[in-house]
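The following exercises concern the architecture of a protein model. Please examine the sequence and the structure before reading the solutions.

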Amino acid sequence: MDKVCIYCRVAHEEPDGQDFALKHQQERLEQFAREQGHTVVSTVAEYGSGNDAKRPGLCKVMEGARAGEFDAILVTSLDRLHRDFISGCKIICDLKYKYDVAVCPQEDAKDTLLLFDCLCNAYKKDLSQRIRAGIRRKKRPQGPYPNRPCVLNQIAIFVLLTCFG
């Protein structure tokens, strides 16, 4: 990865107005980018709730990803993108599969990213199978809706409850 965007977020400003937490995140990520040999092309730092997916800074990052301005987004941890696991997973999947942009947490979150990746890949595979099955059903004279359980939902629920329940 060459071009990266640094994304920093804290919930609210510090009472003394020093912005220590936000500056600290940015400095850590800039150092991380230098150590890894990345070129920082954009830095977005904002105050806002981690439960709000429509934060101006996050929207700016998503627009940059859509425009192909960078190859990866550096964050100190995955909860900087979103506090909710499912919403965070959707953001990461959108970045990866729609815009081909990786999310790189500085903190050790490799297991969480692996889980995100597994769920995203399982979803894509299940979706592809359902689309093909739908096309086949439409071609059959006996009706379009045979009974079949959705295995992906059962697997996803089991994994989520096991890992994060």
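**Exercise 1: the sheet**

Determine the strand order of the sheet and its edge strands.

Step 1. Four strands form an open sheet in the order β2-β1-β3-β4, with parallel pairing; strands (E, at least two residues) and helices (H or I, at least four) are DSSP runs numbered from the N terminus, and two strands pair if DSSP finds at least two bridges between them.

Step 2. β2 (39–47) and β4 (102–105) each have a single partner strand and therefore stand at the edges, one side of each being left without a neighbour in the sheet.

Step 3. From one strand to the next, the twist averages 25°; angles run from 0 to 180 degrees between N-to-C directions, with axes fitted to C-alpha atoms, for helices over the stretch in contact.

The model is predicted: local features need pLDDT of at least 70, side-chain atom pairs count only at pLDDT 80 or more, and totals for chains, interfaces and linings use all residues. Residues are numbered from 1 along each chain as its sequence is written, and side-chain values use heavy atoms, with hydrogens and water left out.

**Exercise 2: pairing and packing**

Describe how β1 pairs with β3, and which helix packs on the sheet.

Step 1. Three bridges join β1 (residues 3–10) and β3 (residues 72–75) in the parallel sense. Cys5 stands opposite Ile73 in β3.

Step 2. Helix α2 (residues 56–66) packs on the sheet and touches β1, β2 and β3 (contact: heavy atoms within 4.5 Å). The direction of α2 makes about 155° with that of β2.

**Exercise 3: the chain order**

State the order of the elements.

Solution. The protein has five helices and four strands, which run β-α-β-α-β-α-β-α-α from the N terminus on.
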